[in-house]
Amino acid sequence: MENAVRVLNLSKSFNGQNVVRDISFDISKGEVFGLIGPNGAGKTTIIRMLLDIIRPDSGEIRILDDRLSEETKNRIGYLPEERGLYKKLTVFETLTYLGALKEIDSEKRATFLLDKMGMLQHRDKKISELSKGMQQKIQIIAAIIHDPDFIILDEPFSGLDPVNMKLVKELIMELGKEGKTIIISTHMMDQVERMCSRIFMIHKGEGVLYGKIEEIKSRYGKNTVLLEFEGELKNIQGIKKMNNSGNYAELILEPGADPTEVLKKLAEMVRINKFELSMPSLNEIFIRVVEGT
């Protein structure tokens with residue numbers, strides 16, 4: 001597929017400290033791509049270089065077949081992690097003003113997006129009168145008000161309840177189907193796993209995981225049990241690690257452990273509603289990489 005974004009051998013340091021070291025990745029046109037990593041890993045630095053806010057020390061960035069000309073920058077939409085809207089303006093004034101900065105008449109698009117996000121009835125409210133979740137939806141609309149071809153979303157699900165998270169997810173997937181290229185940077189690994197076809201993970205300034213999610217998960221083997229149960233779950237022989245969430249658990253098996261024997265031992269302890277041998281979740285892989293286990 002045609003690449004919309006190409007990053008080649010990118011490096012950046014501040015005050016003699018390497019923040020990003022020789023990273024390379026590409027993103028296809030229309031792809032929803034995950035940029036992940038722990039706090040301080042270098043994600044924000046990568047995003048700022050993609051936006052030409054800061055310049056790399058070495059390496060190359062090409063976006064939409066261009067080296068970040070002003071014309072190309074106008075084709076980029078950005079939702080920053082640090083939110084910032086004009087609190088005294090109304091919702092509609094905010095969106096049309098931001099559209100005007102891109103030299104477009106955005107009234108029709110603002111109305112369309114507000115309706116799509118269930119916010120049209122709030123168009124004449126001041127930003128300061130909105131809840132945090134509502135402000136988040138307006139911020140997302142603001143990022144795409146000029147109909148950009150390349151969209152960078154930094155923590156797009158922050159402050160959203162499950163209903164509004166679903167709305168935002170549907171919007172992102174629809175934009176991808178329209179041919180928009182999207183980077184999602186978030187700590188919510190379950191959302192990355194559901195929405196993104198490929199990921200790039202950076203840790204301590206270096207790329208550590210890159211590629212299709214299913215291929216990455218397969219490298220870690222089918223050594224995980226997804227368990228739904230009733231009762232009190234305790235660790236047993238054959239289980240290396242247990243991620244327990246109430247009546248659900250992700251169990252990481254010891255190397256060489258027999259899943260049938262593990263099932264027998266679990267059945268003596270709890271009522272089992274689901275026992276599924278699987279590859280580890282992206283969240284578990286993320287933890288393993290960061291912890292070096």
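This is a predicted model: local features need pLDDT of at least 70, side-chain atom pairs count only at pLDDT 80 or more; totals for chains, interfaces and linings use all residues.
To their contact, domain 1 supplies 15 residues and domain 2 supplies 10 residues.

About 1,100 Å² is buried between domain 1 and domain 2, and carbon and sulfur atoms give 80% of that area. On the side of domain 1, the residues that lose the most area to domain 2 are Met189, Met201 and Lys217, which together make up 49% of what that side buries. The side of domain 1 that touches domain 2 draws at least two residues from each of helix 7 (189-195), strand 8 (198-203), strand 9 (206-212) and helix 8 (213-219). Helix 8 gives the most to that side, with four residues.

The largest nonpolar core has 45 residues, and those touching the most other members are Leu95, Leu114, Ile138, Ile141, Ile172, Ile182 and Val192. Helix 5 (residues 132-144) provides the largest share of this core, six residues. Because domain 1 and domain 2 both give residues to this core, it lies between them. Leaving out residues up to four places away in sequence, Leu95 touches Ser106, Ala110, Leu114, Ile138, Ile141, Ala142 and Ile145. Another core, of 27 residues, lies apart from the largest one and includes Val7, Phe33, Ile76 and Ile183.

Notes: Residues are numbered from 1 along each chain as its sequence is written. Side-chain values use heavy atoms; hydrogens and water are left out. A nonpolar core is a set of buried Ala, Val, Leu, Ile, Met, Phe, Trp, Tyr and Cys residues joined through side-chain atoms within 4.5 Å. Buried means under 20% relative accessible area, exposed over 50%, partly exposed in between (1.4 Å probe, protein chains only). Domain bounds come from an automatic or database domain assignment. Contact means heavy atoms within 4.5 Å. Buried area is the accessible area (1.4 Å probe) that two parts lose on being put together, summed over both.
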